[in-house]
Amino acid sequence: MAHLIRHKISNKITNAVNTASNKSQAKVSGVFARLGFQAATDEEAVGFAECDDLDYDYRQGMRMATLQTDEAGGEVDGEGGLEGDSHYQRDGAGPRGSRGSTGTCEELGSQDKPRITAWEAGWNVTNAIQGMFVLGLPYAILHGGYLGLFLIIFAAVVCCYTGKILIACLYEENEDGELVRVRDSYVDIANACCAPRFPALGGHVVNVAQIIELVMTCILYVVVSGNLMYNSFPGLPVSQKAWSVVATAALLPCAFLKNLKAVSKFSLLCTLAHFVINVLVIAYCLSRAHDWAWEKVKFYIDVKKFPISIGIIVFSYTSQIFLPSLEGNMQNPKEFHCMMDWTHIAACVLKGLFALVAYLTWADATKEVITDNLPAGIRAWVNIFLVAKALLSYPLPFFAAVEVLEKSLFQDGGQALFPNCYGPGGQLKSWGLSLRVGLVVFTLLMAIFVPHFALLMGLTGSLTGAGLCFLLPSLFHLKLLWRKLLWHQVFFDVSIFVIGGICSISGFIHSIEGLIEAFRYNIQD
């Protein structure tokens, strides 16, 4: 009997020592897991799980109280599982036990945020790719013919695809194979691609491209306002440049904007007004269907001016800048792909029909802004509405450009090049206001000295539009998800990068040549 008792006590002591040893190994593995190290093999992961089971059985069998230690990874949860051994996250997000509570907090926090439906997200995308700049598409058909129509379809397909792969770069798989959103913006994706050597280089490149595109968009709004007013009232002794000055005077209050609440109230009205204007233009073209010049739609292209048309078409589809934010605010992000499909299909159909019927109506007389071809009586009313829409649309890209500049140069977490342009109470300092006014004046000067809508639109589309819509998304997709891509996805990305690069370079060169020629021979729109 004494021998049996000694044997049981010896077994218990041995089990306790083994369990303590296993538990200490589990703690060490938990510490390394928090530091980002992975389990080397599946066998080790199974071993860690067995440590949990041994620890649980030991405490249940010996009826021990819950152990509490101050060591990292030494806390024991209510079920007896150790934090940080086999239940760590691939990205250092913490153990599963803590993830549940953290996820709940995040879900509660996200419930307070206003979320948008897929239809509302689609409306935002439609506003971006169905704006005023479709007025330049008939001019693209003038120099591209049927190939221009093909490019409208091709650009829609490519921009839809690159929008999807850009969103795919926001996600990574966790250890359970589930996609987790680990990035929030275009800049985050760019920085991730350039890390670890140049962790901020990609963000700077994207910010520069974004600022150029936003400022050029503001310039185009001033140019088109001056152009529309000049062609609406040709009898008045007021030049296009003078009308641009008048338009800019109305835009000076934008420098005082702190938010877009006041402007956003008019966005829906402006979009509906623009839709009505497009319908009126198409209705007028259909009324002259018997005079349509089908023979003027050619299969050959103007080699010198067609690359400009490519830039115009690409610029009319740019929406990639705000897609990460839009997808992050959707109630059901899984509907993003479907939303992108139907918005770009609708845009492709409407743009193609608008460009074709407008060109068929005026053929070789098609102007850079198609409403300038309308009869004088209709033209004046349509153009006045378009000018109002342009002026109300100006604050959106202007405010976005100001925010990017302020965050990059004045508010970059203590690493900014210049002191903060806001006072302690959030008020804008005088020199900060001067910089905003200077940006408005800069857009006016550019509109005065380069009053060519189509050439500027082609230049912007070739320079930043192709980069943000074609080149960077495909490059980032290859860099971040290379090991998970199928061969046809790699082929698509490489093809888009090569074709986008060729179109970007050729469009940029020919747009610059067109501007030089316009200045040399004093060509007016």
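User: Is D184 buried or exposed?

Analyst: Accessibility classes rest on relative accessible area: under 20% is buried, over 50% exposed, and partly exposed lies in between (1.4 Å probe, protein chains only). D184 is exposed, at 52%. This is a predicted model, in which local features need pLDDT of at least 70 and side-chain atom pairs pLDDT 80 or more, while totals for chains, interfaces and linings use all residues. Residues are numbered from 1 along each chain as its sequence is written, and side-chain values use heavy atoms, without hydrogens and water.

User: Which residue does D184 meet in a salt bridge?

Analyst: Side chains of opposite charge can pair when their charged atoms come close. A salt bridge here is a side-chain nitrogen of Lys or Arg within 4 Å of a carboxyl oxygen of Asp or Glu. D184 meets R181 at 3.2 Å, N to O. R181 is partly exposed, at 26%.

User: How many salt bridges does the whole structure have?

Analyst: The search finds five. One of them joins D341 and K164 at 2.6 Å, N to O. D341 is in helix α13 (residues 336-362) and K164 in helix α5 (residues 137-168), so this pair ties together parts 177 residues apart in sequence. Helices are DSSP runs (H or I, at least four residues), numbered from the N terminus. D341 is partly exposed, at 31%, whereas K164 is buried, at 18%.

User: Where are the partners D364 and K296?

Analyst: Their side chains form a salt bridge at 3.4 Å, N to O. D364 is in the loop between α13 and α14 (376-393), and K296 is in the loop between α10 (267-287) and α11, 68 residues apart.

Methods: Helix = DSSP H or I, 4+ residues; strand = E, 2+ residues; numbered from the N terminus.
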